[in-house]
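Please look over the notes below with the model open beside you. Each point takes up one topic.

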Amino acid sequence: SAFDNDPEFEEAAGIIERLRQRAKIFGRRFAVKLTNTLIVENRSDFLPPSEKIAYLSGAPLHVIAMHLVARFRDEFEDTLPISFSAGIDRLNYPDAVRLGLAPVTVCTDLLRQGGYGRLQAYATELGARMDAAGARNLAEFVTNDVDSYLDALDLDSRYRPEHLPKPVR
């Protein structure tokens with residue numbers, strides 16, 4: 001029921017296209033952001049049963065949101081700028097950057113132990129991936145190949161339920 005009043009994808013795509021055209025008239029650009037959280041039914045024992053909804057984030061949301069990126073790319077190709085924040089960590093950050101998503105935000109991960117000290121690991125991982133790809137700059141690194149990334153996600157054990165971290169209580 002949380003989604004009963006939300007537009008279907010085709011309607012949202014139409015709204016986005018109209019907003020892009022309107023922004024162009026005013027010399028501006030329009031972009032979308034995917035996504036901080038996803039509303040879900042509370043089925044865990046972490047929240048009290050009186051709380052009927054919860055908010056999904058982290059690794060499961062990363063996979064879902066990347067499928068949505070693919071859907072937007074099918075609809076708009078790479079002409080629609082997409083900002084991304086769903087389940088980003090130091091290991092998948094270079095993947096999101098490689099897909100041409102910008103900005104890629106890491107705020108949730110920075111709330112974990114280590115805080116801003118975790119940022120060096122992001123830079124190191126991105127640099128290593130760029131070196132491995134032979135890219136001297138971001139323009140040479142970006143591929144926009146979301147389909148290959150989705151194939152890799154399907155095989156990545158980090159995104160399987162048995163490997164997801166249990167919430168700290």
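1. R118 and D109 form a salt bridge, with their closest N and O atoms 2.9 Å apart. The term salt bridge means a side-chain nitrogen of Lys or Arg within 4 Å of a carboxyl oxygen of Asp or Glu. D109 is buried, at 3% relative accessible area. R118 is partly exposed, at 27%. Here buried means under 20% relative accessible area, exposed means over 50%, and partly exposed lies in between (1.4 Å probe, protein chains only).

2. A word on the source. This is a predicted model, where local features need pLDDT of at least 70 and side-chain atom pairs count only at pLDDT 80 or more, while totals for chains, interfaces and linings use all residues. Residues are numbered from 1 along each chain as its sequence is written, and side-chain values use heavy atoms, with hydrogens and water left out.

3. How many salt bridges are there by this rule? The count is ten. One of them joins D95 and R129, at 2.8 Å from N to O. D95 sits in helix α3 and R129 in helix α5 (residues 119–133), so this pair ties together parts 34 residues apart in sequence. R129 is partly exposed, with 25% relative accessible area.

4. E140 and R136 also meet through their side chains in a salt bridge (2.6 Å, N to O). R136 is exposed, at 71% relative accessibility. E140 is partly exposed, at 34%.

5. Now the chain as a whole. It has seven helices and four strands. Their order from the N terminus is α-β-β-β-α-β-α-α-α-α-α. Helices (H or I, at least four residues) and strands (E, at least two) are DSSP runs, numbered from the N terminus. Of the 169 residues, 31% count as buried.

6. S85 lies in the loop between β4 (82–84) and α3 (93–98). Is S85 buried or exposed? It counts as buried, at 11% relative accessibility. Leaving aside neighbours within four places in sequence, S85 is in contact (heavy atoms within 4.5 Å) with K33, L34, T35, N36 and T105.

7. Last, the surface. D74, E75, D145, D147, D151 and D154 gather there in a patch of negative charge. Such patches take residues with over 30% relative accessible area and no salt bridge, and like charges are joined within 9 Å. Helices α2 (59–76) and α7 (146–155) each give two or more residues to the negative patch. The most come from α7, with three. D151 is found in helix α7.

Notes: Patches are made of residues with over 30% relative accessible area and no salt bridge: like charges are joined within 9 Å, nonpolar side chains (Val, Leu, Ile, Met, Phe, Trp, Tyr) within 5 Å. Accessible areas come from the Shrake-Rupley method with a 1.4 Å probe; for residues, only the protein chains shown count as cover. Lys and Arg count as positive and Asp and Glu as negative; His and the chain ends are not counted. The place of a charge is taken as NZ of Lys, CZ of Arg, CG of Asp or CD of Glu.
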